[in-house]
Structure formats: structure tokens, C-alpha cells
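Subject: Structure handover

Dear colleague,

Please find the structure below, as discussed. My notes on it follow.

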Amino acid sequence: MMIYDYPTLYDVLFSDSWKREIEFLKTALRYYCNISGNGRIFEPACGTGRLLWRLAKMGHKVVGLDLNPNAVLFCNKRFRQHGLTESAILGDMTRFSLNDLRHKKPFDLAFNFVSSFLHLTSESAALSHLHAVADILKPNGIYLLGLHLLPQGNAVCSQEKWSVQHGSLALQSRLSRVSLDRQRRIETVEFRIKAKTPKKRYEVVDIFPLRTYSLRQFQNLLKKVNRFDILETFDFNFQDPVQLNPQIEDVVFVLKKG
Ligand SMILES: C[S@@+](CC[C@H](N)C(=O)[O-])C[C@H]1O[C@@H](n2cnc3c(N)ncnc32)[C@H](O)[C@@H]1O
């Protein structure tokens, strides 16, 4: 089983940051897309859709796409529970069209936070994804892409731990590097979640590969795609813009379709 087969745990684990992510999305729609009302928003690799249902509740037209059936089911159930249209679709983020997303009009904005793009472990998959996103965006549409980059030299961050308490469910998680192959550009990571409720304790462990990018490698990929310009860059707190430099690790790229 993969970690993403446990959408309830995943959703709680990533529940803390939604406010600032939603604020950033609202600001991005206004500032980069000139939309003060409702927009058309797409999230590839939407997972549990923890941001999508909130955006839909605010009146935006949303669509999510994910490869994991459990995540899609969870996401659509939540849309239903909130009286919203089921808008999560099972599919691969390297291959989709407006038709697959059951949408006639192109999207104003797409977003992909928390490094989901790194799940695409080959250059061809990454290129296909970026082309597919560009194809479903309107001219000048925006793609907000959050990436954990691998800095030059000794990589600084090789482990991340955090805990969340949600009602009687307590979660402790650890994301750590198992191995790093700079030649093949593959980082293997272990994601471990310890869950505790008053009745039981259990642990979920998953090990999976991610593609690594230095800043230069990501910039080169964008050049190859030749469909997006970098408008601005932020850190994962979405506060002030950050300056790109070879040591930078966490970046949200504001990409504008050219
Ligand atoms: C870290 S989660 C992010 C979920 C969501 N974007 C969020 O912010 O909470 C990564 C997601 O990427 C999905 N995923 C991985 N490879 C994919 C692919 N090729 N196409 C679509 N989804 C994929 C996984 O199933 C998982 O739900």
C-alpha cells in the first residue's frame, strides 16, 4: 500500500497550511489573472483535494486529477458532503486534455504545491506534464508550481518531521532520505506515519522515488518546454518573493503561459 492509499491520514497531516495556501491562490487569481470573482482552477495531483473543495465552496469552478483511486474517492466524497459537484478525476498528470477534465473552457490557473511534480521521475514525464498543463490553460494563464529543489554541494535538508493532532487522532510523521543518486537524479525517500487514537496505534510506511532538480536543471527544463515564463518566486510560506540562487531549496514558481 502507498501512503496515498490512506487519504484520511494524509488529509489530516497536511491540514495546517490550508489558510495561507488558499490566501495565496486568491491573491494569485486577482493579481496575475486579473480575476476578482470566480475563476477556473485546476489541480494536477490533487490528492484529497484539501484545497479544491474550499475553493469550490467559495464559488470557483475547480477540477482535480490524481492517479490514486482512494484519493479521488475521498476527494469526491467530500465534494458531495458539501453539496458540491464531484470534480476529482482519476488520471495521470502526464497525459490529460480539457476533454479528459470534462471542461470546455481553458483554465485561468493551475496549481501543484508540496512537490507532487517530483513524482514524475523521468524528463519525458516532466515535459509531458508541463505541455499538458500549458494546453489546458488560457493564454497568459498561470501555473503555480511548488518544488523542493536539491541545492548544489551537500544537500542541507534530508529529513523533515512534523506532528498533528486532530480530535482524538494524533499523527507523527517523518519524511527522510533513504538514498540519493545524483547521476540518475533519483532521491529515494521514506515516508513514515505513526497514528494513535484512544483505541489503537498503527504505522504506515512507504518508500518511493522522486526526481531531483537543481535550480539550473529546472530552469533548463522550462527552456526545453518553452511554454512558460517565470513571473515571480516565493518560499513555501507564500509571503515575500524570494530571489533565486543555487542554494535555494523550497520555491513556489509563478509560471505564466507565454
Ligand atoms: C504529496 S501528494 C499532494 C496532494 C495535493 N496536491 C496536496 O497538496 O495535498 C502527491 C499526489 O500526487 C499523486 N500522483 C503521483 N503521481 C501522479 C501522476 N503521475 N498523475 C497524477 N497524480 C499523481 C499522488 O497520488 C498523490 O495524491
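Lys 200 sits in the loop that links β8 (186-196) to β9 (201-211); helices (H or I, at least four residues) and strands (E, at least two) are DSSP runs, numbered from the N terminus. Lys 200 counts as exposed because it has 7 C-beta neighbours inside 10 Å. For reference, a residue is buried if 20 or more other C-beta atoms lie within 10 Å of its own, exposed if 12 or fewer, and partly exposed in between, with C-beta atoms placed from the backbone. From Lys 200 to Phe 117 the C-alpha to C-alpha separation is 34 Å, and the two are 83 residues apart in sequence.

This is a predicted model, in which local features need pLDDT of at least 70 and side-chain atom pairs count only at pLDDT 80 or more, while totals for chains, interfaces and linings use all residues. Residues are numbered from 1 along each chain as its sequence is written.

Domains. The protein chain splits into domain 1 (3-150 + 213-257) and domain 2 (159-211), with bounds from an automatic or database domain assignment. Their C-alpha centres lie 22 Å apart. Across the boundary, 13 residues of domain 1 are in contact with 14 residues of domain 2 (contact: C-beta atoms, placed from the backbone, within 7 Å). On the domain 1 side, helix α1 (residues 7-13) supplies the largest share, 3 residues. That side divides into 9 nonpolar, 3 polar and 1 charged (Ala, Val, Leu, Ile, Met, Phe, Trp, Tyr, Cys and Pro count as nonpolar, Asp, Glu, Lys and Arg as charged, and the others, Gly among them, as polar).

Core. The largest nonpolar core has 63 residues, and Tyr 143 and Leu 147 touch the most other members. Such a core is a set of buried Ala, Val, Leu, Ile, Met, Phe, Trp, Tyr and Cys residues joined through C-beta atoms within 7 Å. Strand β5 (residues 137-148) gives the largest share of this core, 6 residues. Leaving aside residues up to four places away in sequence, Tyr 143 touches Ala 110, Val 133, Leu 137, Phe 228 and Leu 255.

Strand β1. In β1 (residues 40-44), 5 of 5 residues are buried. Arg 40, Phe 42 and Pro 44 point one way, Ile 41 and Glu 43 the other. β1 pairs with β2 (residues 61-66) in the parallel sense over 5 bridges (pairing requires at least two DSSP bridges), and Phe 42 stands opposite Val 63 in β2.

Regards

Terms used
Two residues are in contact if their C-beta atoms, placed from the backbone, lie within 7 Å.
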